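Here is a short briefing to read alongside the model. Please keep the sequence and the structure open as you go through the points.

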Amino acid sequence: MPSETIKLTAKFKLKETPEGLDELFQTYREIVNLLITYAFENNVTSFYRLKKETYKGLRKEYHELPSHYLYTACQMATAIFKSFRKRRKKGKAEGKPIFKKEVIMLDDHLFKLDLENKTVKLSTPNGRIQLEFYPAKYHERFKDWEVGQAWLVRTPKGVFLNAVFSKEVEVEEPKAFVGVDLNENNVTLSLPNGKFVQIITHEREIRTGYFVKRRKIQQKIRSGRKRKELLEKYGRRERNRLNDLYHKLANKIVELAKKYGGIVLEDLTEIRESIRYSAEMNGRLHRWSFRKLQSIIEYKAKLKGVRVVFVNPAHTSSLCPICGEKLSPNGHRVLKCSKCGFEADRDVVGSWNIRLRALKMWGVSVPPESPPMKTGGGKVIRYDWFARSKSSG
């Protein structure tokens, strides 16, 4: 049975701030910015080249620092410069990138995490130090997982170690696929048995409610500590509410897909770049955390042995799943094919086409190459689990 790797990040809050940490953060930030400048001036996007051309000089200047800090600084600088170049090509960045964050990237030579004793050992210029962290119940799930890289992060709420854990899981070959179409206010599933499940999420209402609440605070309180505290409070409430929603949604989707063995999602990595609607619509879509929901679905599915595949999202909601012709609007959210007469809700069309694309990837004959299918949109089962409530929290 084939296996796949799951990666999850866990956060550990340190009980005390270690002595000399200010200097370590400052030194690391200084090194990353030196490397960014070198990469910028010499157009270096390769980690190996950047390390090769700068390591000796940096090692001589920062001889007291464990050498692996220089390696991770090269990784950070390379990633930052590559991201800057990409944004600059799209006209979204100018000047030179600068690293300002209180973040240190750690590899497995720089830290050792002990979940049983609730400690982390950290390499510093003054030797290896042991630090305690506050345990959380969800930390227990990672006891048999591999620990990879981590980030030491300083925030106003304290110092955290964000560690990446990985685990190999067995994933079955899918018998069939469930197509999943993610939308602002619903998730629509196309099942292999010809039925469709639509889960009403009210996500748009939740996000809009909190957006309006924050806008009122910004207009009423122009500056100061109270303004910041209120914005953070409602931002935290929104995140918690949506996280709970996403986990419930993912559990339901995986539950429905378990007997089929496969889930299909759209590859939406570049969708933000293609959003070109009104200012209001752009704002709504940019606030929509579709990638977070996808990542939760993906790891929960893999833990249950369900394979997840991604397909091209182009025209999934505008082409007829029966004959492949372009569909035309025929009432509120209803699309109709003038060639074969197919008619269905646009989200049903989207989820159906998503599932068909996965089948095609697997070498299964699908419309319009396969024998004609019925032109009806199939039976749609609608769920509204999440009762309407005031979005203001």
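Ser-351 sits in helix H9, which covers residues 346–361; helices here are DSSP runs of H or I with at least four residues, strands are E runs of at least two, and both are numbered from the N terminus. This is a predicted model, in which local features need pLDDT of at least 70, side-chain atom pairs count only at pLDDT 80 or more, and totals for chains, interfaces and linings use all residues. Residues are numbered from 1 along each chain as its sequence is written, and side-chain values use heavy atoms, with hydrogens and water left out.

- Ser-351 has a relative accessible area of 0%, so it counts as buried (buried is under 20%, exposed over 50%, partly exposed in between, with a 1.4 Å probe and protein chains only).
- Beyond its neighbours within four places in sequence, Ser-351 is in contact with Gly-179, Asp-181, Thr-188, Leu-189, Ser-190 and Phe-196 (contact means heavy atoms within 4.5 Å).
- Val-364 is placed in the loop between H9 and strand S16 (380–383), and it is partly exposed because its relative accessibility is 40%.

**Surface patches**
- Met-361, Trp-362 and Val-364 make up a nonpolar surface patch with about 280 Å² of accessible area together (areas come from the Shrake-Rupley method with a 1.4 Å probe, and for residues only the protein chains shown count as cover).
- Patch residues have over 30% relative accessible area and no salt bridge, with like charges joined within 9 Å and nonpolar side chains (Val, Leu, Ile, Met, Phe, Trp, Tyr) within 5 Å; a salt bridge is a side-chain nitrogen of Lys or Arg within 4 Å of a carboxyl oxygen of Asp or Glu.
- Lys-11, Lys-13, Lys-157, Arg-236, Arg-237, Arg-239 and Lys-292 form a positive patch (Lys and Arg count as positive, Asp and Glu as negative, and His and the chain ends are not counted; a charge is placed at NZ of Lys, CZ of Arg, CG of Asp or CD of Glu).
- Strand S1 (3–14) and helix H5 (225–257) are the elements giving two or more residues to that positive patch, and H5 supplies the largest share, 3 residues.
- Lys-13 belongs to strand S1 and is partly exposed, with a relative accessible area of 32%.

**Helix H8**
- Glu-298 lies in helix H8, residues 290–303, and touches Val-308 and Phe-310, leaving out residues up to four places away in sequence.

**The whole protein**
- The protein has 9 helices and 16 strands, and 45% of its 393 residues are buried.
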